[in-house]
Amino acid sequence: MSADKTVKETKVMMTVSLIAGLILLAIGLVTRQLNFGFLSDNKALLALSLLPFSMAFVSFLKLSRIKNSPEKMRSMLIRENDERLVALNNEADAKTFKILQGTLFLAYFGYTFLFPQEIFESAGWWVLLILLLGSMLLQGILRHQIGKSSKESS
Amino acid sequence: MKNKKMKIARVEAEVSQERLAEMVGVTRQTINLIESGNYNPTLKLCIEICKALNKTLNDLFWEE
């Protein structure tokens, strides 16, 4: 990955996070002022806006570090592109995904057996089911797409 | 198994692990792990290393 590409990606990340944070903050402030009934607690949106703001801040720090020190930027790029480290990251990501999927599976079954009256009724049960099925489907779709793109590039 | 051929070629070319790592775009630790036989590089990286040290794949990575 070239330095320009990294800078561009970081800028996009910062802008998107900033916009998302501002939108959440604005909606939170407006709903708080007008006291809408559809949100049980308007403070939740204000709190949620902190997440994209902190992501934007991290991107800003990364950008300023890249601009201030080209030497550090080069070593950072090498660390990001080193095939061994990339493979390690991918393995960690895959294991994390498996653990999350397992947790989702246990949560769904636990919820279904502990609260049978909520099957097909509560939003929580549907959310768990959709997340579980989504994670399984998405895994297959992504595997298919990655396989297809690697065939095309070869 | 240690990759002595690569280490010898690197030393003969008077290139440090850090310099070779810079030339092929990986960290010094990766070069060290390849030389000590604790990491199997991809063919792409093997070719990069061969080009950097002016050797062939046979010279550096073929085991008799």
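Chain A of this predicted model averages a pLDDT of 86, and 92% of its residues score at least 70; pLDDT is the predictor's confidence in each residue, from 0 to 100. Within chain A, confidence is lowest in helix H3 (residues 70-81), at a mean of 79. It is highest in helix H4 (residues 83-114) of chain A, at 94. Helices (H or I, at least four residues) and strands (E, at least two) are DSSP runs, numbered from the N terminus. Chain B averages a pLDDT of 93, with 100% of the residues at 70 or above. In chain B, the lowest mean, 93, belongs to helix H5 (residues 57-61), and the highest, 96, to helix H4 (residues 43-53). For the complex, the predictor gives an ipTM of 0.87 and a pTM of 0.69.

Residues are numbered from 1 along each chain as its sequence is written, and chains are lettered from A and ligands numbered from 1 in the order in which they are written. As the model is predicted, local features need pLDDT of at least 70, side-chain atom pairs count only at pLDDT 80 or more, and totals for chains, interfaces and linings use all residues, while side-chain values use heavy atoms, with hydrogens and water left out.

Chain B contains five helices and zero strands. From the N terminus on, its elements run α-α-α-α-α. Of the 64 residues of chain B, 36% count as buried. Buried means under 20% relative accessible area, exposed over 50%, and partly exposed in between (1.4 Å probe, protein chains only). Contact means heavy atoms within 4.5 Å. Among contacts in chain B between residues at least 6 apart in sequence, 52% join residues at least 24 apart.

The interface was examined next. Eleven residues of chain B are in contact with seven residues of chain A. The area buried between the two chains is about 750 Å². Carbon and sulfur atoms give 53% of that area. Buried area is the accessible area (1.4 Å probe) that two parts lose on being put together, summed over both. Glu22(B), Thr27(B) and Tyr39(B) supply 49% of the area that chain B buries against chain A, more than any other three residues. Helix H3 (residues 28-35) of chain B gives the most to the side of chain B that touches chain A, with three residues. The residues of this side divide into five nonpolar, five polar and one charged. Here Ala, Val, Leu, Ile, Met, Phe, Trp, Tyr, Cys and Pro count as nonpolar, Asp, Glu, Lys and Arg as charged, and the others, Gly among them, as polar.

Between chain B and chain A there are five residue pairs in polar contact (both at pLDDT 80 or more). A polar contact is a pair of N or O atoms within 3.5 Å; within protein, one must be able to donate a hydrogen and the other to accept it, and residues adjacent in sequence count only if both atoms are side-chain atoms. The count of salt bridges between the two chains is zero. A salt bridge is a side-chain nitrogen of Lys or Arg within 4 Å of a carboxyl oxygen of Asp or Glu.

Arg79(A) lies in helix H3 of chain A. This residue is partly exposed, with a relative accessible area of 44%. Leaving aside neighbours within four places in sequence, Arg79(A) is in contact with Arg65(A), Leu85(A) and Thr27(B).

Over all chains, the whole structure holds four salt bridges. One of them joins the side chains of Glu35(B) and Arg10(B) (2.5 Å, N to O). This pair links distant parts of the chain, with Glu35(B) in helix H3 and Arg10(B) in helix H1 (residues 4-12) of chain B, 25 residues apart. Glu35(B) is buried, at 6% relative accessibility. Arg10(B) is also buried, at 8%.

Arg19(B) forms a salt bridge with Glu22(B), the closest N and O atoms being 3.5 Å apart. The two are separated by about one helical turn because they lie three residues apart in helix H2 (residues 17-24) of chain B. Arg19(B) is partly exposed, at 43% relative accessible area, and Glu22(B) is partly exposed at 37%.

In chain A, Glu91(A) and Lys95(A) meet in a salt bridge (3.5 Å, N to O). Both lie in helix H4, four residues apart, about one turn of the helix.

Thr31(A) sits in helix H1 (residues 3-34) of chain A and is buried, with a relative accessible area of 3%. A polar atom of its side chain lies 2.7 Å from the backbone oxygen of Ile27(A) and 3.0 Å from that of Gly28(A).
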